[in-house]
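Please go through the fold of this protein with its ligand.

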Amino acid sequence: MTSSTKSKSKSKKKRKQSSSSLLSRRHRQSISTTAKNSTSSSIPTPTSASTSSTNPLPSKLSRALIRSHHTTQKRLSQAIQQNDTNAISELTSELTSSGGLEAYQRASVSGQSSKRGGDSSKILVDWFAELGVPKPKAKHTSTSKGSSGNGNGNDDTLSRYRLLEIGCLSPTNAIHTYFPSSRRTLMDLNSLHPDEILKQDFMKFPVPKNADNGYDIISCSLVLNYVPTPAGRGEMLEHITSFMEQALERRQRRRSAAAAKDSKNKEKEDNWTSNFPSLFLVLPAPCVTNSRYLTEDRLQEIMVSMGYELVKRKLSPKLVYYLWKYIGGSSGVRNTKFRKTELLPGGKRNNFAIVVE
Ligand SMILES: C[S@@+](CC[C@H](N)C(=O)[O-])C[C@H]1O[C@@H](n2cnc3c(N)ncnc32)[C@H](O)[C@@H]1O
């Protein structure tokens, strides 16, 4: 072998270093034990998850694992599109040997530990307080008929609201205090808590037939960036929007029914309920601050074209959080197509994009 081919194969090896090699033996063991538990008939209990969250992986390691998982997933999706069977089997075994989705999820859970600031829905809880969404009362109010409420009917309204959380790792996220288990659907491609989180691909989850089982708020935190293709991200936003359409119709129906009963209803329309139905969307900040193909303005154009209006936004060094309320298709720009066009040229940018076809 010549020295140039040797160095080429060395650099190839370096590139191919999988996330499993980023883990110490201790962490590899802990992840594989957890993975084994979850695939065996014994269901991982909240205790097993909390064990992992009380012993979070070092943050550098969890970030490296997450990055490596995203890169391998993206390469796998390209290989699938190109029907490159060798690459598909190589990348699939790379994903498996690094612990797969489960290891990635454990690394993400580590990132959400209370020591590291908690889960992203803490921001939504702050926004609920700012918007005047009534704080959840003691447990019994959510199930008791004719809730005692606070005298203005708001608690009754909140007690009918339902949450859908896409890409959920824990059944004890901050926002869950507002939505007891009877009024929330938590789902993930892989459930770390099968009793409480549905193992479900959101893209195959239909809009409920009965509108009363629909959702008033959808949480999609750090999920859109998990979708490997720009067109897949556009499709996810469109699928979310079909739930929003149902929720908006339901809201309008309820309002007209209430208006028929109560002439003072006009007063109530201006309260916190006008922020629903809504979408809580969280992305890694560089997706909109340092991408060649997506800026915050472009994201806003996409969302407006789908019928959303921005209610809240927060940019932190790592993440960007949004609350979008759905107002429907009256903006006149619906069904606009968004292609992958270069908006910000420059060598050191990433390629994150959303394509709407
Ligand atoms: C980085 S984690 C985010 C978890 C959490 N929401 C957060 O904010 O930290 C992304 C999760 O989204 C899930 N996910 C990705 N695509 C999904 C889909 N189509 N349906 C359901 N879950 C999905 C993945 O399985 C993964 O657990």
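## Packing of α13

The buried residues of α13 pack against α10, α12, β6 (308-315) and β7. Contact here means that two C-beta atoms, placed from the backbone, lie within 7 Å. Helices (H or I, at least four residues) and strands (E, at least two) are DSSP runs, numbered from the N terminus. The buried residues of α13 are Leu299, Met303 and Met306. Viewed down the axis of α13, they fall within an arc of 60 degrees, so they line one face of the helix. That arc is taken over the directions from the helix axis to the C-beta atoms. Just after α13, Gly307 takes a positive phi of about 110 degrees.

A residue is buried if 20 or more other C-beta atoms lie within 10 Å of its own, exposed if 12 or fewer, and partly exposed in between, with C-beta atoms placed from the backbone.

## Model and overall fold

This is a predicted model: local features need pLDDT of at least 70, side-chain atom pairs count only at pLDDT 80 or more, and totals for chains, interfaces and linings use all residues. Residues are numbered from 1 along each chain as its sequence is written.

The protein chain has 13 helices and 7 strands. Of its 357 residues, 32% count as buried. Among contacts in the protein chain with a separation of 6 or more, 69% join residues 24 or more positions apart.

## Nonpolar core

The largest nonpolar core has 48 residues. Such a core is a set of buried Ala, Val, Leu, Ile, Met, Phe, Trp, Tyr and Cys residues joined through C-beta atoms within 7 Å. Ile218, Cys220, Leu279 and Leu281 have the most contacts inside it. The elements giving two or more residues to this core are α7 (121-131), β1 (163-166), β4 (217-221), α10 (230-261), β5 (278-284), α12 (286-289), α13 (296-306) and β7 (319-326). α10 gives the most, with 6 residues.

What does Ile218 touch, not counting residues up to four places away in sequence? Its partners are Leu164, Ile166, Ile240, Phe243 and Leu279. In soluble globular proteins, nonpolar side chains tend to be buried together.

## Two domains

The protein chain is divided into domain 1 (45-115) and domain 2 (121-331). These bounds come from an automatic or database domain assignment. The contact takes 10 residues from domain 1 and 8 residues from domain 2. On the side of domain 1 that touches domain 2, α3 (46-54), α4 (59-81) and α6 (100-111) each supply at least two residues. α6 gives the most to that side, with 5 residues.

By class, the residues on that side of domain 1 divide into 4 nonpolar, 4 polar and 2 charged. Ala, Val, Leu, Ile, Met, Phe, Trp, Tyr, Cys and Pro count as nonpolar, Asp, Glu, Lys and Arg as charged, and the others, Gly among them, as polar.

## Ligand shell

Which of the 21 residues around the ligand come nearest? They are Gly167, Leu189, Phe202, Ser221 and Leu222. The shell draws at least three residues from each of domain 1 and domain 2. α6 and β2 (184-188) each supply at least two residues. α6 gives the most to this shell, with 3 residues. By class, the shell has 12 nonpolar, 7 polar and 2 charged residues.

Leu222 sits in the loop between β4 and α10. Its phi is near 60 degrees, a positive value in a residue other than glycine. Leu222 counts as buried, with 20 C-beta neighbours inside 10 Å.

## Other loop residues

Asn83 is found in the loop between α4 and α5 (85-97). Asn83 has a positive phi of about 55 degrees although it is not a glycine. Is Asn83 buried or exposed? Asn83 is exposed, with 8 other C-beta atoms within 10 Å.

Leu57 lies in the loop between α3 and α4. Leu57 is buried, with 23 other C-beta atoms within 10 Å. Leu57 and Ser108 are 51 residues apart along the chain, and their C-alpha atoms are separated by 9.5 Å. Pro277 is in the loop between α11 (265-269) and β5. A cis peptide bond joins Phe276 and Pro277, with omega about 0 degrees.

Methods
A residue is near a molecule or strand if its C-beta atom, placed from the backbone, lies within 6 Å of it.
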